[in-house]
Structures are given as C-alpha cells and as structure tokens.
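Work through the exercises below with the sequence and the coordinates open. Each task is followed by its solution.

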Amino acid sequence: MPDLLWFVIRRLFGAALVMLALSFAVYLVFYAIPADPAHLACGKPCTPDRLEQARHFMQLDQSAIQQYLSFLKGIFAGRTFGDGAAAVHCNAPCFGYSFPLARPVTTLILDRLPITASIAIGAAILWLLFGVSLGVVAALNRGRLLDRLSVGVALVGVSTPSFLLGLLAILVFGFWLNMVPVNGYVPLTESPVDWAWHLITPWLVLAVLQAAAYIRLTRAQMLEELNLDYITTARAKGAGETRVVVTHGLRGVLVPIITLFGLDLGFLLGGAILTEKVFSMQGLGDLLISAVAQLDVAVVVGVTLFSAFLIILANLVVDIVHGVLDPRVSHG
Amino acid sequence: MSSSVAAAVSPTRQALRRARKDRSARLGAVLVVLLVLVAAAAPLLVKLSGQDPYTYHLDLLDPARGNAPKGALGGVSSDHWFGVEPLTGRDLFSIVVLGLRTSLTIAIVVTLVTSVVGTLIGISAAYFGGWYDAVASRVFDFLFGFPQLVFMIALGIIVPAGFPRWLLLILVLSVFGWASLARLIRNQARSLVAREFVEAARSVGSSGWHVITRELLPNLLGPVLVIATLAIPGYIGAEAALSFLGVGVPPPTPSLGRSISDSIAWVYTGADPWFLFFPGVALFVAVLGFTLLGDGVRDAFDVRLRRTT
Amino acid sequence: MAEPVLEVHDLHVTFTTEGGLVPAVDGIDFSVAPGETLAIVGESGSGKSVSSAAVMGLLPSNAATTGEVLLDGRELIGLPNDELRKIRGNDIALVFQDALSALNPYYSVGWQVAEAYRLHHDVSKKVAHRRAVEMLDKVGIPDAARRVDSYPHEFSGGMRQRVVIAMALVNDPRVLIADEPTTALDVTVQAQIIRLLDDVQEEFGTALVLISHDLGVVAEVADDVLVMYAGRAAERGTVRDLFYRAAHPYSLGLLGAMPRVDVPPKPRLTTIPGTPPSPGSIRTGCPFQPRCAYTHLVGERCITERPELTPRPGEGDHEAACHLGRRPEALL
C-alpha cells in the first residue's frame, strides 16, 4: 500500500497547487472589473468623499495583489472590514463578504449548498444506476430490440437540453396530471418525505438526461471490453456469463465511468444552475445568477472558486479511485 | 478479407460509402440540411410569412387570461403560423426561425474557431513536444477543471455593457471549447509523429511547417471533422442554456433559449404551453439532427477517440 | 497406443458474416491420448485456432459448429452452456498466445489462478489461495508466496506465460490446448516454456494439443502432427512421418522455411510463394493448388477435384491430401 499512499500524497499536493493558481486567476479577472462595487454601497448622494470611504471600507483601495493576499489570509484567520462600532467581522474560513447582502460569502454558500447537493446527489445516484445497467444490457443484446431501445433513449437524452425536459416534466406531471409539486424545496431535516417528493421531478429529469451519456459510454466500453482476450480466458476457465460480464467485464468499464461520474457530480454540485432555475430552487446557481445581476463581486468570486474547488476535489477523488481500481496506475 | 478490395478506395470514399448505409446518419444529414436551409433563409421565410419578430399584436391577446394568446395552439392562424408570444403578441414563427438562425450561426462559428485553434495547438504540441507540449497539456487540464458555465455567467459582471453579446458568447464558448478538441488531436497526432513516414520526412530535412501541413494535417482531417461535428450540438445547447439564463444574446434579437426561459411562467400556470412547444421543438430537432450526423460521421470514419495519452 | 481422451471427427466451423457464409474449418479429424502431444501446424488463417476454440465451445454466436468432439467418449457439441462450463478449465484448459492480454490487469495473478480453482472446487478462498501459491511455485515462479499478490503488469513476459500455464493446470485438466504459447516470447524464454509444458505433461499425464507454426518447437515436443491448410487437413502423421517423409507439398514448403541443424545447409531457406487463400475463397480443386510447384505433374485434377486424405508410407496412420501419389521431394 505505500505505493498507493505516495500516489495519493502526490495528487493532493498537485490539487492544492492547481487550486492556488486558479484562485489567483479568478481573483485577478474579477477585480479587473470596470464597474465599481463601491458605487452601489456608497449611498446617495454619492460624493467622491463617501465613495472613497466606501472603497476603503471594502478594502478596494488596495492593489489587486494585496487584496488577494488578504483574501487568502481571510480563509485561515478571518477578516475584519472597517474599525470601531461600524466594523464588519467575517470569521475564518472567510471567502469574502457580501456587502449588498450583509452576510459573509461562506455563510451564503453553506446556506444554499444543501439544496444544490440534494438535487445533485439524488440525481447522480439515479443516473448512475440507470445508465450503467441499461448500457450493460444494451451491450449484451447488441443489435437486438433492447439495444436499439436503450440507444434510442440515450439519443433523445443527449439531444434534449435539461431545461427543456424540466419544463416539459413540470407541464405534464405538475400541471396536467397534477401529480407532483412543480417547485419549492423542503429541507431534509424538516420532512424527509416532502423533501424527496419535491425533488423527485428534478431528480428524474436530470437522471434521464445524464443517464444517456452513461448508457452510451457503458455500452461502447463494454462492447470493447467483451472482445478482449482476458474475457475469453475467463470463459475458458469455466466462468459463467454473469461472472464473465460482472467480475471481468464491468471491472474494466468502471474506470472511465467513474471518471465521468466524478466530474459530472463535481460540476453539478458547483451549481445545478439550469435545474435550479427551471424548478425555482434557491441553490448555489441561483445565488450566482442573482449576484451577477447585483454586481456582488464577492459572491461571484466565492461561488466561482467554490465550484472550481469542487471540480478539483472531484478530479482528485477520481484520480485516487482510479489508482485503487487500476493497479497499473498506482503500482509503478 | 475485404481489405484487399477496400485498399484501392480512399478513406473518405469508404467513409461516405459506410455513411450512406447508416440509416440514422442519413436522417441526421437530412435534418441538418433542412435546419441549415431554414436558418440561412430565415429572413426570407419571415418576409414570406408577412410578419416580423418585433411588432406587438396586443389585439391577439386575451387580457382575461393574463394576456395569453387568443385561440387554440397559442394563437396559430394563417397570419401567425406558430401563434404569437403571450404578453406581447409578437409573431412566434419569426422568433423561432430567426432564433434558430442565431443558434446555428453561433454554434457553427464557435465550431470553426475551436477546430482551427484546437487543431493547430494540438498538432504543434504533439510535433514539438517538450515544454511546449507540457504547458499545453496543463492548460487543457486547467480548462477542463474550470466551472465553465459558472464562469460564463460570472463573466457577465466584468464585460462592459457596450460589448456586443453575440461576440462575447462566441469568445467565451470558444475559449472553453478548443481544449477538448486540441487534446484529442494532440493524442492522435502523437501516435502519428512516432510513425515512420513522419520520421522519414524529418530525416530528409523537411521543415516543421511542412511536416505539420503536408504529413500530419491530411492524416488528421478525419478525426478533426468527427470531433467538430460531434461538438456542434453541444454548442447549440450551450448557447441556448446561456440565453435561457439571461446571459446570451440580448433582446430583442430572437433566441430560442430566451424564448424557452420566457415560457416558464406560462408553463407553470398552464396558460400557454405552446409558447414552450415551438421553440422547444426547434431546439430539440437542431440538437438531435447534429447529434445523429456526428455519430454517423464518427462511425463512418471509424475514429476511436482515445482520451488517454 | 492408449485410448484417446479427446477425439474430433469431421469438425466444420462456418461463420456467418456480412459477406455470406465463411467455412473456417472444413472437416478435420484428430485425437490425442493422455500423456501425448498433438501438434496442429499451419499458417495464420488456416483454422487451427478456430478448431481449438470450437472444441472449447468458445466461438462467437455467428459461428456454427458441426461434427463430433468427444471427451472420453462424451459428445461436447450441442451440450448446454451450463454443462460446457463445467468442462472448460476443468477437463480441458487453454493456454493463450499472449499472456499479457490473456490475464486480467485488474486482479492479482494469485486471485486469477485461485478463481480458476474455485470455479470448479467448492473450497474457501484461503484454500484456493494456497493452491494458487502451490501452482505458481510448480510452474517455476520464484518466491511464489510473495509474488502471488502481484499484478500481471509486474511480471516479465515469460513469467506471465508461466502464470497462464499455472492457471490452466490448477484443476489437473485431462487436455491442455496451448495456442501458440511461445510466439510472443524471446527465444530463450520460449525454450523454457516449452520445457515447462513438457515437464508438466509428464508429471500430470495431460494430453497436450499444441497449436503452433514453429516447426522447431513441434519437432521437440510433438508425438503426432496435423498440418492444416485453408481449414482442411493437408497432412497428418507422427512427428517423424512429417519430418522425414512429408508427402504434401505444403508440409514440404513449411519444412523448407525452417532452419535446420540436422541436415546439410541449403544455399538459402526457401519460402512458399504467394499467400494463403482466405477461407472459403477456393471452392473446387485443391486449396493449395495456386501456390503449388507440382501442379504440372498432376494436371487438371488439382483444379477440378478436391484431394482427400489418403494413406502414405510411414509409421502408422500417415496420410496426406494430395493428388500427387509420390513424395514430391524426389521429383526436384
């Protein structure tokens, strides 16, 4: 196992470096913005004096590098804007402070995360199950009805934008059939049943669409895998078809599927933007869109960095899982 | 067994022959030709219908139903072939065909830009190798690890209002789009660079430019075509998604994504589901057609797009 | 001669392809007794590998097999898959050409050998593991107890082939079919593997079917030889019949293409002109006729009439399928 441990440490170190580079890039891009957020905070009438005050208070009068360093420091030590009675505290880990919303960005993100996570994780479990099993069934029945059906479903799935299918689902199941709630979110802690009931439509919509890619990937990989020599070896050993397919075939298919799955889940956790808009749920994506509309740079930077962090994390996990699953990667 | 016969025919001819036998590829080709014709002739079609996408027809709306269109199917009539928009009464046919034109134009321009940039960078990275290749590979990783949609929306905040949005859309989609093509082409090109004919060309003193344009490029045109065709439906969807989120082309320029976004309220209340139907079907057919064609082109060229190096 | 353990009579294998029916094996007979070695020789595409896959029932679904395959007198063709499964790897085992692709990269070699044992023996994982170590040791893997948990990519080519042989022998099969077991290996390693096969055969009394195009290997280990050409038997006999009394021009061509140390060197090695016909492309006459240097001595018959196996002088059942009644060498 020391091989694997070193492998994990190397990857962790790499991920940390990428995150640092990325945060710097994002920070620079967004602080080059022509619109001045201090304008919005300075109140009316906005005299140059008051503007300067606001700018100083929000620490926008520092250079970009200085601001970035205070931002980094805030993550570990927290930050304080202004001084005296008017001072605003942002406790560590501080990822910036939203003056328009008068809340630390960390709090805003953590408030919205459960909604996005509920949508993303529930849907992810469904699409992984659907996608992989249908893909395997399609591969094993190549050219027959089940295969054509799965491939057809997958084709419609990849051709339908998620917001379109979401609206269609609301129209059919929510409005015409009046079966499911069309919007709103109930926290899991309040009522698990209502939570799931409100999420069932977004879950299914996302799962159907995402499963399409997994059907196609699983089918293609499985067909390739089943032609490999070691599959024939397994048959020649006297393994039954189920064992051949599951133990020997699926094992090799797992790596590309998990790679795709990790990245998809990472992207979605960073904001199921389209789904949140269609189903009117106040997740991270909704936070971002309103922040853009209000020129709330701190929140925009915070959410962008947070989703980048999730993607890097997903990449890291995928890499490690890859190393565990494929001995050729981690063993020398 | 058939290789002795097939060897006499060029790969492109073989691919065409295979594509002609593929039923879904044929359907895709037909759809794509129709879509492109409609998009190209959109202004003409709009003129033919005697309408335009800007004029309000408030008289066609029913104030009792929250200004939803009067009549069945969202107000379909001989004047308004797809009915009218609720709230404004603008002609939906004009909006849909011109919106399709916007979508396809942006998707195709982005595909062209990313194909050229991605091919050049992919091939040169494979050919020159060394630190250039290493940097390029890091850039690919960086772009893949980026929350693209989040960033595209966030960009809305820093781009001056005067900057044309359609250009911004093309730029943003291109910046995030070229890397996947470049990486695939780089991997394909790398296996070519190791082959003898490239070695031979190099050994007789051919310049890098000559090897890239005369030896590598012709052998990579198939994969580039395949990847580019497969990418088009993705860009159509991305443009629609950004417009849907309100960061695409600004009104009053027609856009399928924005129309679909506008239809949400009318779908929620059930007052005018047809407002979703027409733009929705147009978008679906556009993505489906290009997806079918892309799959067909891939199968015909029999290109295996390896992701690993 | 001992009673044969495996008998094959009039085996036909026909593939259904887009281009129509392709007969890959067109009526061959062979048998092999315990402790004996039968070599099947021929160029690639001659149907030798297809024959072995047909014996194991491992052909893809577009292949139709007819004839008789008798294991201890029991007919295998037409046996339900479940019954065949019990025979594969247990009574008849297979050694593949390329050990790297024949082994599953995702599992340790010990796991793969143990799996072969557990598929046919109701034992605990522990017992199977111990058996795997024992087998790996027996095939000459140094430090087997430690190497048992290594993965295929951590072994050299020769060691991998030893693993494959251990896996094939783990259930003490009655018949071992080795399909070009040394082609992918270095010359020195080839000799080791051939010696290993010879040793285990002696120890276990296994009947060995060796599929090869390497006549050097055949001369070393085979008792009987079957020469295949275009899916048919060209010649069969004992190894001495073939090497000293070859009656078919094709066998002679193969011998001419082999470097020898036991006969005075010829000016240069000869090759057989032309390429083997694709299966099914020659429907009448002798399949070897287009490449045969002796057709002019026979005339029309070679083109119009398919030669059947007829007895030739030799040690036992020496037969050749050639219209030329005499030994072709004498004519030169």
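**Exercise 1.** Determine how helix α7 (residues 162–176) and helix α8 (residues 192–225) of chain A are oriented to each other.

Solution. Helices are DSSP runs (H or I, at least four residues), numbered from the N terminus. The two axes come within 10 Å and cross at roughly 135°; axes are lines fitted to C-alpha atoms over the stretch in contact, and angles run from 0 to 180 degrees between N-to-C directions. Angles under 35 degrees count as roughly parallel, over 145 as roughly antiparallel, 65 to 115 as roughly perpendicular and the rest as oblique. α7(A) and α8(A) are therefore oblique.

The model is predicted: local features need pLDDT of at least 70, side-chain atom pairs count only at pLDDT 80 or more, and totals for chains, interfaces and linings use all residues. Residues are numbered from 1 along each chain as its sequence is written, with chains lettered from A and ligands numbered from 1 in written order.

**Exercise 2.** Which residues of α7(A) and α8(A) meet, and of what class are they?

Solution. Contact requires C-beta atoms, placed from the backbone, within 7 Å. The α7(A) side includes Leu165(A), Ile170(A) and Phe173(A); the α8(A) side includes Pro202(A), Val205(A) and Leu209(A). Next, sort by class: Ala, Val, Leu, Ile, Met, Phe, Trp, Tyr, Cys and Pro are nonpolar, Asp, Glu, Lys and Arg charged, and the others, Gly among them, polar. The contact has 9 nonpolar, 4 polar and no charged residues.

**Exercise 3.** Describe the side of chain B that touches chain A.

Solution. 32 residues of chain B contact 38 residues of chain A. The largest share on the chain B side, 7 residues, comes from α13(B). By class, that side has 25 nonpolar, 7 polar and no charged residues.

Key. Helices (H or I, at least four residues) and strands (E, at least two) are DSSP runs, numbered from the N terminus. Two residues are in contact if their C-beta atoms, placed from the backbone, lie within 7 Å.
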